[in-house]
Amino acid sequence: MQDKEDEELVVYLYQRLKGRRYLIVMDDMWDTEIWDAVRRSFPDDGNGSRVLLTTRISDVAEYANSCSSYHMHFLNEEDSWSLLCRKVFGEGACPLELEKSEKRLYENVEGFPLSIVVMGCEGFLKSNTSKMMEDVAEGYLKDLVERSLFEKENLLHVFKYYDAVNQDTSTCRRLSIHPDDRRPQEIYNSIHSIPQVRSLLCLGEHFMYPWFVYSGFWLLRVLDLSALLFHELPLQVTELVNLRYLGSAVVVNFRHPYQSCRIETLVYLKMYWDQSPLLPREIWVMPKLRHLCVLPSCFLDLAPLLPNNSFRLENLQTLSEVRNCRCSSDIIERIPNLRRLKILFDESLFESCSSYQLENLATLHKLETLTLRIEFPIPIPHVVYPGKLAFPLQLRKLTLRGLNLPWCNMTIIGTLPNLEVLKLLGNAFRGPEWRSIEGEFCQLKLLVLECLDIVQWRADDTHFPRLQKLTIRSCDQLEEIPSCIGDISTLQLIELVDCHPSAMTSAQQIQEDQQSLGNNDLEVRMIQTEISLKF
């Protein structure tokens with residue numbers, strides 16, 4: 001048997017089981033491809049034969065049989081304790097001096113059998129130095145959820161002000177508070193006695209009484225105060241030595257460099273800017289900063305970036321959203337590892353388009369997501385665009401608005417080898433005709449066209465070979481969608497919103513043509529004003 005090829009084994013097993021009543025148990029299946037490979041070995045003769053499959057990955061269970069899957073319940077307290085003792089001490093009993101610590105361990109895993117086993121063997125995941133920390137963390141989290149080792153619902157304790165007396169928050173490490181202007185004292189009395197909190201989020205509408213939030217939480221690593229109303233961030237916040245994530249609605253003034261050097265994520269939301277929204281220059285001396293997010297947009301203070309200094313944000317991955325940022329080579333060199341960038345340009349573009357040096361964006365070799373938008377106070381009667389354009393080859397998602405580019409410049413975008421998402425919004429391109437070219441957009445999966453003056457679109461199925469979704473909104477002059485778009489084998493959805501009637505007719509015709517060829521998977525959605533049509 002060991003000398004046989006896989007296909008020979010499939011045939012052999014099928015022949016041995018054919019006509020017989022059997023029960024096959026397959027334990028701990030990890031991959032749908034494995035199921036596809038072995039299921040052909042099991043003949044279905046309608047004689048009551050069964051295949052029992054166990055897996056920790058929910059997608060595998062749904063794939064194998066979405067109608068007959070059974071989700072196991074968590075272990076109760078007694079069973080959890082028994083399993084942990086067996087894994088750690090074997091046949092022996094837990095020593096009395098360790099019993100208290102052991103019980104704290106099994107209480108924390110909340111009845112997950114494999115988590116208990118892993119703790120008793122002391123297994124730990126190792127970091128992957130070839131990937132960014134965020135990618136590794138996201139992969140681990142997804143893996144834990146799929147294997148039923150982690151419940152997303154239990155990640156955050158939501159504090160309910162109306163039931164403050166009955167809530168047990170003594171063991172909370174992650175706490176979310178929603179505002180209630182009438183009962184600030186009740187909220188304070190309920191949370192001030194849980195100093196072990198590591199994450200504290202104040203969400204919802206604005207609080208009127210922010211004084212209770214930061215009191216006594218000296219172990220905080222994540223603090224979001226963007227829903228709080230105050231003119232200046234309390235000094236106690238800047239003295240939280242473990243803080244790594246800070247969300248605020250006011251600019252944070254760190255009194256000493258050591259206070260800012262620990263921050264990894266800084267989020268400014270719902271900001272009330274004056275006429276010159278400007279981030280503090282201390283941003284450039286935050287060496288661990290990984291994510292800087294601002295809404296609405298602001299200016300970066302570039303005064304510290306003199307030629308003779310060495311300020312660099314080596315760890316910065318997200319910069320969103322900055323206004324009128326001049327992408328000079330000197331600035332780009334100081335943010336070399338940026339992965340996500342949003343820039344807003346305003347009417348000052350009329351002065352000098354080339355001064356923004358957008359061609360230097362191509363030197364951000366790790367950039368994956370880019371948004372460029374231009375806002376003008378009045379409609380532009382002619383094409384004005386921001387000088388030269390160039391993009392990094394690793395770019396995966398691109399959103400453009402208001403650049404008024406001629407369609408001949410689309411080749412700059414179409415030749416990007418890794419582009420998967422392209423959104424052209426609000427006069428990103430100007431002109432009546434777009435002729436797409438073969439060999440471009442090889443990896444594009446999502447294409448969005450919105451508020452463009454395009455009239456004719458010339459394309460065929462070889463131009464977008466991997467397209468999955470096409471969305472067209474408010475392109476009221478577009479006469480039709482190229483019929484050959486329906487021949488793209490990966491296309492799943494065509495969505496039209498407030499488009500010309502002839503364009504909607506062409507979309508419906510594409511679907512009918514595909515159905516006549518046996519392709520019933522293509523969905524067409526059409527929305528006109530408040531009337532939604534789905535075919």
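1. The face of H13 turned away from its buried side carries Pro501 and Ser516, both exposed (over 50% relative accessible area, with buried meaning under 20%, using a 1.4 Å probe and protein chains only). Helices here are DSSP runs of H or I of at least four residues, strands are E runs of at least two, and both are numbered from the N terminus.

2. This is a predicted model, in which local features need pLDDT of at least 70 and side-chain atom pairs count only at pLDDT 80 or more, while totals for chains, interfaces and linings use all residues. Residues are numbered from 1 along each chain as its sequence is written, and side-chain values use heavy atoms, with hydrogens and water left out.

3. The buried residues of H13 are Ala503, Met504, Ser506, Ala507, Ile510, Gln511 and Gln514. They cover an arc of only 160° around the axis, which puts them on the same side of H13; the arc is that of the directions from the helix axis to the C-beta atoms. These buried residues pack against strand E21 (493-497) and strand E22 (523-528).

4. Ile481, placed in the loop between strand E20 (469-473) and E21, counts as buried at 1% relative accessibility. Leaving aside neighbours within four places in sequence, Ile481 is in contact (heavy atoms within 4.5 Å) with residues including Ala503, Ser506, Ala507 and Ile510.

5. Arg339 lies in the loop between helix H11 (329-332) and strand E11 (340-345), and is buried, with a relative accessible area of 5%. Beyond its neighbours within four places in sequence, Arg339 contacts Met132, Asp135, Gln317, Lys366, Leu367, Glu368 and Thr369.
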